[in-house]
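I opened the notebook to look up a few places in one structure. The sequence and the model come before the entries.

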Amino acid sequence: MSAFLSVRGISKTYIAANGSKVVALDDVDLDVAEGEIVALIGPSGCGKSTLLRMVAGLDADFGGELAWTVEPRPGKDIGFVFQEPALLPWRTVRRNVSLGLEAQGDKSPKGRERVGELLDLVGLTDFAGSFPKELSGGMRQRAAIARALAYDPRILLMDEPFGALDAITRDRLHDDLLRIWATTRKTIILVTHSVEEATYLADKVAVMTARPGRIKAVHEVPLDRDRTPRTRQLPRFAEFAGMLRQELE
Ligand SMILES: Nc1ncnc2c1ncn2[C@@H]1O[C@H](COP(=O)(O)OP(=O)(O)O)[C@@H](O)[C@H]1O
Ligand SMILES: [Mg+2]
């Protein structure tokens, strides 16, 4: 796999409202290869969201460097999925998914076709005309994933996207995401605080320390790329997740 994004020596200090300084990130390095799924885990407040926002280009006020093989175009090449799906309540599922395309002025039949394909990919074809309030939490999050993929970004950034879902729905969405990945081969950075989620989904897991956030270690996940619910039963799965858990302590 070729290089895609190199995070080099990223540091970030916030000035709080009362003037005190919070060092959120300190000298963070991370390499992301094209088509790779990288999980970022770490304790709450260690700077995971901060790092993702920088990669997304939502915050340019930081030290260090983001080196891309091809510089992403703002609003086009980066898809973002948040913990809360943040769908527009007055738009149908289809019109939420097509939002990014509309913002780019894309009204082409090809764009419309793509929205249809994505709805199919996330299993929401039958709910294309429904409104967000008519969907379950898992379905809303699937709509948010489709929306992030609609303008065909080169990288998908996901900030605890399954954190608000119940365990059964979460497991199902894990398999949905892997299926979507198998079709699209998107590069994905996934922030999670679940070691099981990181193990199940990722090729590589970066473990962060508590504030100020640093990368403590990066581990290749010792599992085949094809993951199925049975993967969770493998001794290697439990061993690796256990090792990550220990590293977080
Ligand atoms: N806008 C902000 N102003 C001041 N401090 C912030 C701001 N955003 C985040 N922080 C602080 O930076 C640290 C990292 O936050 P965050 O990136 O949200 O962590 P995580 O996503 O890992 O839970 C936290 O201590 C948080 O309080
Ligand atoms: Mg966060």
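Is Asp152 buried, partly exposed or exposed? I looked it up: Asp152 is partly exposed, with a relative accessible area of 41%. Here buried means under 20% relative accessible area, exposed means over 50%, and partly exposed lies in between, with a 1.4 Å probe and protein chains only.

**Ground rules.** I noted that this is a predicted model, in which local features need pLDDT of at least 70, side-chain atom pairs count only at pLDDT 80 or more, and totals for chains, interfaces and linings use all residues. Residues are numbered from 1 along each chain as its sequence is written, chains are lettered from A and ligands numbered from 1 in the order in which they are written, and side-chain values use heavy atoms, with hydrogens and water left out.

**Two positive phi values.** I placed Asp152 in the loop between α5 (137–149) and β6 (155–159). Helices (H or I, at least four residues) and strands (E, at least two) are DSSP runs, numbered from the N terminus. Phi of Asp152 is near 55°, a positive value in a residue other than glycine. Glu160 is not a glycine either, and its phi is positive, about 45°. I found Glu160 in the loop between β6 and α6 (167–184). Glu160 counts as buried because its relative accessible area is 15%. I wrote both down because most residues other than glycine have a negative phi.

**A cis bond.** The peptide bond from Arg211 to Pro212 is cis, with omega near -5°. I noted it because most peptide bonds are trans. Pro212 sits in the loop between β8 (204–208) and β9.

**Ligand 1.** Which residues are around ligand 1? I listed Tyr14, Val22, Ala24, Pro43, Ser44, Gly45, Cys46, Gly47, Lys48, Ser49, Thr50 and Arg211. A residue counts as near if one of its heavy atoms lies within 4 Å of the molecule. By class, this shell has five nonpolar, five polar and two charged residues. In this scheme Ala, Val, Leu, Ile, Met, Phe, Trp, Tyr, Cys and Pro are nonpolar, Asp, Glu, Lys and Arg are charged, and the others, Gly among them, are polar. β2 (21–33) and α1 (48–55) each supply at least two shell residues, and the largest share, three residues, comes from α1.

I then checked distances to oxygen atoms of ligand 1. A polar side-chain atom of Ser49 lies 2.8 Å from one, and a polar side-chain atom of Arg211 lies 3.1 Å from one. For Cys46, a backbone N or O atom lies 3.2 Å from an oxygen atom of the ligand. Taken alone, ligand 1 exposes 570 Å², and the protein buries 64% of that. Those areas come from the Shrake-Rupley method with a 1.4 Å probe.

**Thr231.** Where is Thr231? I found Thr231 in the loop between β9 (215–220) and α8 (235–248). Thr231 is buried, since its relative accessible area is 7%. Leaving out residues up to four places away in sequence, Thr231 touches Tyr200, Leu223, Asp226 and Phe237. Contact means heavy atoms within 4.5 Å.

**Arg73.** I placed Arg73 in the loop between β4 (63–68) and β5 (78–81). Arg73 counts as partly exposed because its relative accessibility is 48%. Arg73 and Leu201 are 128 residues apart in sequence and 27 Å apart in space, C-alpha to C-alpha.

How values were computed. Polar contact = N/O pair within 3.5 Å; in protein donor to acceptor, adjacent residues only side chain to side chain.
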